[in-house]
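Trainee: Please take one part of this structure and walk me through it closely. I am new to it.

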Amino acid sequence: MHSDLELVEHLRDLLVGRPGLIEKKMFGGACFHLNGNICCGVYKSWLIARVGLEAAARLLQEPGCTPMDITGKPMRGWVKLEKEQWQNPAIRERYVDRSFEFVSTLPSK
């Protein structure tokens, strides 16, 4: 299954012009890196976001948000958001902003 191209375009629109961001193909989809660290992206039809442990614990209480798990082992500090939720522009932007905020605290690679 290919990545949801609609979501890829939404992420590009949200992230355009932010310094230090580049797009790379990963996980069979598109990922956006900030200063060398993966920030957020698209896996199949899910928005994936690296938000850190504390934010992930809070976000996982929300509908449609699940642990990021594409290999059978959940990735700590990551979440994935179902299409029904990310189609809402305010929700999508909040997840992307949380990811950008968290990853901006990490050392550059």
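Mentor: At the start of helix 4, a side-chain oxygen of Asn88 comes to within 2.9 Å of the backbone nitrogen of Ala90. That is a polar contact (a pair of N or O atoms within 3.5 Å; within protein, one must be able to donate a hydrogen and the other to accept it, and residues adjacent in sequence count only if both atoms are side-chain atoms). This is a predicted model: local features need pLDDT of at least 70, side-chain atom pairs count only at pLDDT 80 or more, and totals for chains, interfaces and linings use all residues. Residues are numbered from 1 along each chain as its sequence is written, and side-chain values use heavy atoms, with hydrogens and water left out.

Now follow the helix along. Helix 4 covers residues 89-103, 15 residues in total. Helices here are DSSP runs (H or I, at least four residues), numbered from the N terminus. From first C-alpha to last, helix 4 reaches 21 Å, close to the 21 Å expected at 1.5 Å a residue. The expected span is 1.5 Å times one less than the number of residues.

Next, its sides. Arg92, Tyr95, Val96, Ser99, Phe100 and Val103 are the buried residues of helix 4. Buried means under 20% relative accessible area, exposed over 50%, partly exposed in between (1.4 Å probe, protein chains only). Seen down the axis, these buried residues fall within an arc of 135°, so they line one face of helix 4. The arc is taken from the directions from the helix axis to the C-beta atoms. An α-helix has 3.6 residues a turn, so residues three or four places apart point the same way. On the face turned away from the buried side, helix 4 carries the exposed residues Ala90 and Glu101. Ala90 also supplies the backbone nitrogen in the contact with Asn88.

Conventions: Helices (H or I, at least four residues) and strands (E, at least two) are DSSP runs, numbered from the N terminus.
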